[in-house]
Amino acid sequence: MGKLGQIKHIWSFEGISLFELASDVSLDVFEQRNQVVLPPDLRDYFKQLNGTQQLYDSHMFQFYELKSFVPIRQLYDDWEGVPDYGLIPSTLKNHQQVYVFANFSNHLYAYGIRLYSEAAEKNEIYVICGGDYHPIAESFTQFVDLYLEDNEALYF
């Protein structure tokens, strides 16, 4: 069983059902509309899991579906509360390239991946809290490893 299969098993045990998986067509449309290239590991995530259907897992992570996968500024544009995600454009260089795929504990932290207009050797993953951020992985696969290990790097 691969790592995404492990996550699927965990989520199933926790009562998180997978309803609408992403198709190659929907992923291609996303790439064209946003003028980005999804890395293969992230494409696989959307095709095999496609989020926790607005539910939180037992560790308080919520993973987004393709339809909710948007740049950080778009997700938090009208955000009111703590932490103040309105600060991120002034601190994270090229923040418009960072798309949020998950959050922890009702948006205490957000997890974003940097996407490029061409295939890249790495797609940095950030843990973000308001205007602060830290890179925690160089690929979605590395993030999945951290998630499965419940690694402390996930928690800022």
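**Exercise 1.** Describe how helix α1 (residues 3-13) and helix α6 (residues 140-149) pack, and state which residues make the contact.

*Solution.* Step 1: the two helices pack at an angle of about 40 degrees, with axes 10 Å apart. The model is predicted, with local features needing pLDDT of at least 70, side-chain atom pairs pLDDT 80 or more, and totals for chains, interfaces and linings using all residues. Residues are numbered from 1 along each chain as its sequence is written, and side-chain values use heavy atoms, without hydrogens and water.

Step 2: α1 and α6 are therefore oblique to each other, since angles under 35 degrees count as roughly parallel, over 145 as roughly antiparallel, 65 to 115 as roughly perpendicular and the rest as oblique.

Step 3: α1 contributes Lys-3, Leu-4, Gln-6, Ile-7, Ile-10 and Trp-11, and α6 contributes Val-144, Asp-145, Tyr-147 and Leu-148. Contact means heavy atoms within 4.5 Å.

**Exercise 2.** Find the largest nonpolar core and the residues with the most contacts inside it.

*Solution.* Step 1: a nonpolar core joins buried Ala, Val, Leu, Ile, Met, Phe, Trp, Tyr and Cys residues through side-chain atoms within 4.5 Å.

Step 2: the largest such core has 36 residues, and Phe-69, Phe-101, Tyr-111 and Phe-143 have the most contacts inside it. Its largest share, 5 residues, comes from α6.

**Exercise 3.** Is Leu-55 buried or exposed, or does it fall in between?

*Solution.* Step 1: buried means under 20% relative accessible area, exposed over 50%, and partly exposed in between (1.4 Å probe, protein chains only).

Step 2: Leu-55 has 41% relative accessibility, so it counts as partly exposed. Leu-55 lies in the loop between α3 (40-48) and β1 (61-63).

Notes:
Axes fitted to C-alpha atoms, helices over the stretch in contact; angles between N-to-C directions. Helix = DSSP H or I, 4+ residues; strand = E, 2+ residues; numbered from the N terminus.
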